[in-house]
Every structure is written in structure tokens, then in C-alpha cells.
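User: I would like to understand the terms used for a structure like this one. Please go through them with me.

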Amino acid sequence: MAGKLKNCPECGKLFMDMGSRICRDCLEKEDELMLKVASFVRDHPHSTIKDIVDGVEGVKERLVRRMIKEGRFVQDGIDISYPCEKCGKPIHRGRFCEKCDAEIKKDVMKAQKNAVERAVKAVAEKRPMGTGFRSKDMGQKL
Ligand SMILES: [Zn+2]
Ligand SMILES: [Zn+2]
């Protein structure tokens, strides 16, 4: 299977993408960083993302987040937390804490309901116009 030639999003170098997303050099660098992060987290089991970024040289928050999403720390039995994107409460998976997640779902449902109600109202407001008026007006002769 032939890969696609593309620019590495990390270093900008042209490389053959065989499904690895980034070039070989960056992949190797990333692997090294991931190992460092993993051992750092093992030494500091309750680290936040910020602790890791501050504690491991050269690591980016993006990488740590990806590792969390991929479940790297869960596999190691490490309890790592990062802030909920809405309220900042420490969470272990997803983007939001349970409370914010429920709130967001509620908001989405409300927004959908409002949109439907608005559409129904718009149709209802349009309907009486143009019916019943004309024939009467036209019939009047001065
Ligand atoms: Zn690269
Ligand atoms: Zn939250």
C-alpha cells in the first residue's frame, strides 16, 4: 500500500504518510517524550496536565492530552486529572465533567426545541396573510 506524500504537521518536513500522522523523526521524538511523560506520571501519580508540561522537558500539552485520550495512563493504572473545559473541575476522561456534560446536553436539546418552535411560529404567522382579504377588497367598486 502506497502512502501519501504530505507535510509533517510538527516540523513541516515532507514525508510519506503511512498512517502515522507525523514524520518518522517526529514520531521517534514523540515516542521518547511519551516514555518520559509516562515515567514522570508514574513518579507523580496525581499530576495534572500542567504538572506534566512543567515537569517534562519539551513536552506539549497537546501531546499529554492525546495520551490521556488514548488511555495511556489508564492502562498504567495511573489516576491523572485535567481541568474540565467548562468549569475547570479535575476530570479523568472526555472534555467536560459530568455536571457540565449534562448541562451541555440540556442546552443542545433546548436550542433544538427553540429552533423548532421558531420555525413553527414563523409558518403560523405567515398563514393568515393573503387569504380572505383580496377577494373582498377587489369586489368593492367605488
Ligand atoms: Zn516531523
Ligand atoms: Zn465542568
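This is a predicted model: local features need pLDDT of at least 70, side-chain atom pairs count only at pLDDT 80 or more; totals for chains, interfaces and linings use all residues.

Analyst: Residues are numbered from 1 along each chain as its sequence is written, chains are lettered from A and ligands numbered from 1 in the order in which they are written, and side-chain values use heavy atoms, with hydrogens and water left out.

User: What makes up the secondary structure of the protein chain?

Analyst: The protein chain has six helices and four strands. Helices are DSSP runs of H or I with at least four residues, strands are runs of E with at least two, and both are numbered from the N terminus. In that direction the order is β-β-α-α-α-α-β-β-α-α.

User: Why is the site of the zinc ion (ligand 1) called tetrahedral?

Analyst: Donors are N, O and S atoms within 2.8 Å of the metal (3.2 Å for Na, K and Ca); water is not among the atoms, so sites may look incomplete. Here the protein donors are Cys8 (SG), Cys11 (SG), Cys23 (SG) and Cys26 (SG), at 2.2 to 2.3 Å from the zinc ion (ligand 1). Four donors count as tetrahedral if all angles lie between 85 and 135 degrees. The angles among the four donor atoms are 107 to 116°, so the site is tetrahedral.

User: Which parts of the chain does this site link?

Analyst: Cys8 is in the loop between strand 1 (4-7) and strand 2 (14-17), and Cys26 is in helix 1, 18 residues apart. The donor spacing is C-x2-C-x11-C-x2-C.

User: How do you know that the zinc ion (ligand 2) also has a tetrahedral site?

Analyst: Its protein donors are Cys84 (SG), Cys87 (SG), Cys97 (SG) and Cys100 (SG), lying 2.2 to 2.4 Å from the ion. The angles among the four donor atoms run from 103 to 119°, and the site is therefore tetrahedral. Along the chain the donors follow C-x2-C-x9-C-x2-C. Cys84 lies in the loop between strand 3 (82-83) and strand 4 (90-91) and Cys100 in helix 5 (residues 98-126), so this pair ties together parts 16 residues apart in sequence.

User: Are Cys84 and Cys100 buried or exposed?

Analyst: Both Cys84 and Cys100 are buried. Buried means under 20% relative accessible area, exposed over 50%, and partly exposed in between (1.4 Å probe, protein chains only). Cys8 and Cys26 are buried too. Of the 142 residues in the protein chain, 23% are buried.

User: What makes a group of residues a nonpolar core?

Analyst: A nonpolar core is a set of buried Ala, Val, Leu, Ile, Met, Phe, Trp, Tyr and Cys residues joined through side-chain atoms within 4.5 Å. The largest one has 20 residues, and Val37, Val41, Ile52, Val59, Ile68 and Phe73 have the most contacts inside it. Helix 1 (24-43), helix 2 (49-55) and helix 3 (61-69) each give two or more residues, with the largest share, five residues, coming from helix 1.

User: Which residues does Val37 touch?

Analyst: Contact means heavy atoms within 4.5 Å. Leaving out residues up to four places away in sequence, Val37 touches Ile52, Val56, Val59, Met67 and Phe73.

User: Why are the buried residues of helix 3 said to be on the same side?

Analyst: The buried residues there are Leu63, Val64, Met67 and Ile68. They cover an arc of only 140° around the axis, which puts them on the same side of helix 3; the arc is that of the directions from the helix axis to the C-beta atoms. Arg62 and Lys69, on the other side of helix 3, are exposed.

Terms used:
Four donors count as tetrahedral if all angles lie between 85 and 135 degrees; four count as square planar and six as octahedral if opposite donors are over 155 degrees apart and all others between 65 and 115; anything else is irregular.
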